[in-house]
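The following paragraphs guide a reader who is new to this structure. Please keep the sequence and the model in view while reading.

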Number of protein chains: 2
Amino acid sequence: MLEGIVLAHPEYVARLEGFDVLIRADKKINKVALVSGGGSGHEPAHGGFVGTGMLDAAVAGSVFTSPTPDQVLEAIKAVDTGQGVLLVIKNYTGDIMNFEMAAELAEAEGIEVATVVTNDDVAVEDSLYTTGRRGVAGTVFVHKIAGARAETGASLDEVKAIAQKVIANVRTMGVALKPCTVPAVGKPGFELSEDEMELGIGIHGEPGIERKPLQTADEIVDYLMKRILNDIEFQVGDEVAAMINGAGATPPMELYILNRRVSQILAGKGIRVFKTFVGNYMTSIDMAGASITLLKLDDELKELLLAQADTVGFKMC
Amino acid sequence: MLEGIVLAHPEYVARLEGFDVLIRADKKINKVALVSGGGSGHEPAHGGFVGTGMLDAAVAGSVFTSPTPDQVLEAIKAVDTGQGVLLVIKNYTGDIMNFEMAAELAEAEGIEVATVVTNDDVAVEDSLYTTGRRGVAGTVFVHKIAGARAETGASLDEVKAIAQKVIANVRTMGVALKPCTVPAVGKPGFELSEDEMELGIGIHGEPGIERKPLQTADEIVDYLMKRILNDIEFQVGDEVAAMINGAGATPPMELYILNRRVSQILAGKGIRVFKTFVGNYMTSIDMAGASITLLKLDDELKELLLAQADTVGFKMC
């Protein structure tokens with residue numbers, strides 16, 4: 001897969017030779033560098049977000065498996081320009097452990113490293129693979145906004161601060177209609193009958209809140225949005241970015257049908273949608289399903305969200 | 001779905017009131033206008049390609065059903081600025097009939113209309129719904145390149161000529177691993193067992209060349225590429241644009257694995273890949289599968305391919 005990405009988009013990404021790391025095709029830019037990654041199977045996350053205005057490197061583990069610390073370390077070393085490196089980690093025990101170990105090793109080599117942990121999934125407080133909430137599709141907004149801040153020449157502290165601000169203001173919840181199959185396993189990781197769905201699903205098929213008979217698109221959105229809106233305070237006039245993210249096997253048609261209801265609910269609460277993103281941003285291999293992400297915005301976040309980005313998976317012209 | 005698209009992307013598209021037509025959100029531009037469309041279920045085709053550098057309007061029929069002539073006529077009237085309108089039609093009997101009837105009605109109202117018919121699918125000469133080859137994912141390159149030509153202020157004849165040039169040089173073939181379900185029908189349109197695939201599938205699940213036991217990604221690509229490369233002459237040093245298009249339920253991971261082999265085959269033949277596009281461009285609702293499109297390029301096509309485009313489904317920054 002990594003070979004296929006590099007062959008497809010040599011103008012965007014290059015392989016760090018000998019490692020499962022994608023770096024920007026253009027040479028290093030004199031700024032704070034952003035590194036993210038995790039298990040594979042979530043494409044375009046994270047290699048598809050390497051490029052102008054977003055990440056400097058993405059580290060790819062095996063499917064649904066954290067990359068090892070040595071891989072992360074090499075990514076850090078490849079992109080550091082002496083201004084420091086921010087690691088954006090999704091909250092999974094394996095990722096936390098391996099990325100933090102890599103951070104320590106890099107610091108031992110004299111590289112300044114900061115870390116942030118995304119935890120936007122409102123579905124469950126702890127889960128199969130996490131202490132605390134899971135980091136899911138909202139992570140893409142962290143890449144976008146912290147990446148834009150780094151391009152302005154901000155310091156590592158400043159880039160970390162804006163990443164933390166996104167994390168504090170972003171919430172996600174998902175649903176699955178059909179399970180995903182890890183290739184090496186060869187059969188679905190869980191079972192759902194044709195007329196069932198799993199609400200609050202994780203991006204590796206981890207269980208959510210409840211399994212229910214299939215409902216209409218509007219009913220599903222009502223359920224997910226209620227959970228999300230209960231978790232973060234909104235006032236009339238607030239503005240949000242919305243992401244209707246596909247799990248991998250859900251076509252754009254269905255995502256837009258979900259968005260119709262998302263927009264209606266927000267309008268009903270007097271919340272203005274500043275910008276909407278619909279498509280595959282953080283997939284779960286071939287799972288059929290979707291997640292809804294809301295990011296509460298202020299002027300600073302809005303400006304950084306609209307800043308130029310040119311990556312394979314996220315473009316802001 | 002159309003409501004969901006407009007609510008998601010009001011900065012790109014608006015609904016032509018009372019019709020299933022999406023037009024550009026910004027006001028009419030003084031140039032030749034491009035109109036396309038067809039049955040729904042192929043998103044982001046075609047509404048997702050409305051915007052700067054591509055289409056001026058897209059007409060959406062019911063799922064897998066041609067829009068009626070009156071809808072197409074209204075689209076033409078909405079976007080014409082007196083410089084004429086080019087209709088880009090995928091080769092399906094219903095689309096040809098309805099778009100051509102709309103063209104006649106528009107001409108009766110004094111609007112100059114030209115039409116082109118895309119027929120890039122090399123799989124079968126005639127099919128369930130066509131006389132001649134089917135128009136499939138290669139249509140997106142027609143939108144892109146003819147759209148770029150129109151933005152330069154070219155005449156209707158010139159825009160039609162470049163569209164014809166793309167059609168003459170673009171070839172596609174697809175494969176399905178799982179069928180799609182038309183919502184109103186509620187069950188899959190055809191049957192494939194877990195270990196079968198259909199080679200040469202159409203974008204509505206029409207039969208292809210043969211049904212075979214499932215093979216590896218490389219073997220599938222070898223088969224598709226052989227058919228495509230047999231159909232159009234290439235010489236060492238030729239350049240192509242490649243599109244690895246997802247059918248709707250196939251995740252980016254799998255498309256990139258296919259692309260690896262596509263790139264290898266082209267490199268082996270001395271054909272240079274100028275630009276590769278990977279993702280959902282012309283879907284078949286929730287079909288699992290993919291198609292490979294090659295567009296043979298010259299300097300004129302290369303320049304127009306890289307020209308700025310800013311639409312929901314296709315961005316060239």
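In which loop of chain A is Ala247(A) found? The model is a predicted one, and in it Ala247(A) sits in the loop between strand 10 (239–246) and helix 7 (252–268) of chain A. With a relative accessible area of 5%, Ala247(A) is buried, because buried means under 20%. Leaving aside residues up to four places away in sequence, Ala247(A) touches Asn280(A), Thr283(A), Ser284(A), Ile285(A), Met287(A), Ala288(A), Gly289(A) and Ala290(A).

Ile285(A) is found in the loop between strand 11 (272–279) and strand 12 (288–297) of chain A, and it counts as buried at 2% relative accessibility. A positive phi is also found at Phe64(A), a residue other than glycine, where the value is near 55°. Phe64(A) has its place in the loop between strand 4 and helix 2 (69–79) of chain A.

The backbone also contains cis peptide bonds. In chain A, the bond from Ala45(A) to His46(A) is cis, with omega near 0°; His46(A) belongs to the loop between strand 3 (33–40) and strand 4 (57–63). In chain B, the bond from Ala45(B) to His46(B) is likewise cis, with omega near 0°, and His46(B) lies in the loop between strand 3 (33–40) and strand 4 (57–63) of that chain.

Attention now turns to charged side chains. Side chains of opposite charge can pair when their charged atoms come close. Over all chains, the structure holds 42 salt bridges. One of them links Arg24(A) with Asp56(A), whose closest N and O atoms are 3.2 Å apart. Arg24(A) lies in strand 2 (residues 21–24) of chain A and Asp56(A) in the loop between strand 3 and strand 4, so this pair ties together parts that are 32 residues apart in sequence. Both Arg24(A) and Asp56(A) are buried.

A second example is the salt bridge of Lys77(A) with Glu109(A), in which the closest N and O atoms are 3.6 Å apart. Because Lys77(A) lies in helix 2 of chain A and Glu109(A) in the loop between helix 3 (93–108) and strand 6 (113–118), this pair joins parts that are 32 residues apart in sequence. Lys77(A) is partly exposed, with a relative accessible area of 33%, and Glu109(A) is partly exposed at 47%.

A further salt bridge lies within a helix. Lys302(A) pairs with Asp299(A), the closest N and O atoms being 3.8 Å apart. The two are three residues apart in helix 8 (residues 299–306) of chain A, and are therefore separated by about one helical turn. Lys302(A) counts as buried at 15% relative accessibility, whereas Asp299(A) is exposed, with a relative accessible area of 60%. Elsewhere, salt bridges that share partners join Arg24(A), Lys31(A), Asp56(A) and Glu151(A) into one network.

How do the two chains meet? Between them, chain B and chain A bury about 3,000 Å², of which 64% is on carbon and sulfur atoms. In chain B, Met253(B), Tyr256(B) and Cys317(B) lose the most area to chain A, together 22% of what that side buries. In terms of contacts, 40 residues of chain B meet 40 residues of chain A.

Across this interface there are four salt bridges. Glu3(A), for instance, forms a salt bridge with Arg260(B), with the closest N and O atoms 2.7 Å apart. On the side of chain B that touches chain A, helix 7 of chain B gives the most, with nine residues. The residues of that side divide into 19 nonpolar, twelve polar and nine charged.

A rotation of 180° with 0.0 Å of shift along its axis superposes chain B on chain A, with an RMSD of 0.0 Å. The two copies are thus related as by a two-fold rotation axis. In chain B, the C-alpha nearest the axis is that of Ala249(B), 1.7 Å from it. Finally, 100% of the interface residues of chain B are also interface residues in chain A, so the copies meet through the same surface.

Terms used. Residues are numbered from 1 along each chain as its sequence is written. Chains are lettered from A and ligands numbered from 1 in the order in which they are written. This is a predicted model: local features need pLDDT of at least 70, side-chain atom pairs count only at pLDDT 80 or more; totals for chains, interfaces and linings use all residues. Side-chain values use heavy atoms; hydrogens and water are left out. Contact means heavy atoms within 4.5 Å. Buried area is the accessible area (1.4 Å probe) that two parts lose on being put together, summed over both. A salt bridge is a side-chain nitrogen of Lys or Arg within 4 Å of a carboxyl oxygen of Asp or Glu. Helices (H or I, at least four residues) and strands (E, at least two) are DSSP runs, numbered from the N terminus. Ala, Val, Leu, Ile, Met, Phe, Trp, Tyr, Cys and Pro count as nonpolar, Asp, Glu, Lys and Arg as charged, and the others, Gly among them, as polar. Copies are superposed by least squares on the C-alpha atoms of residues with pLDDT of at least 70 in both. Buried means under 20% relative accessible area, exposed over 50%, partly exposed in between (1.4 Å probe, protein chains only).
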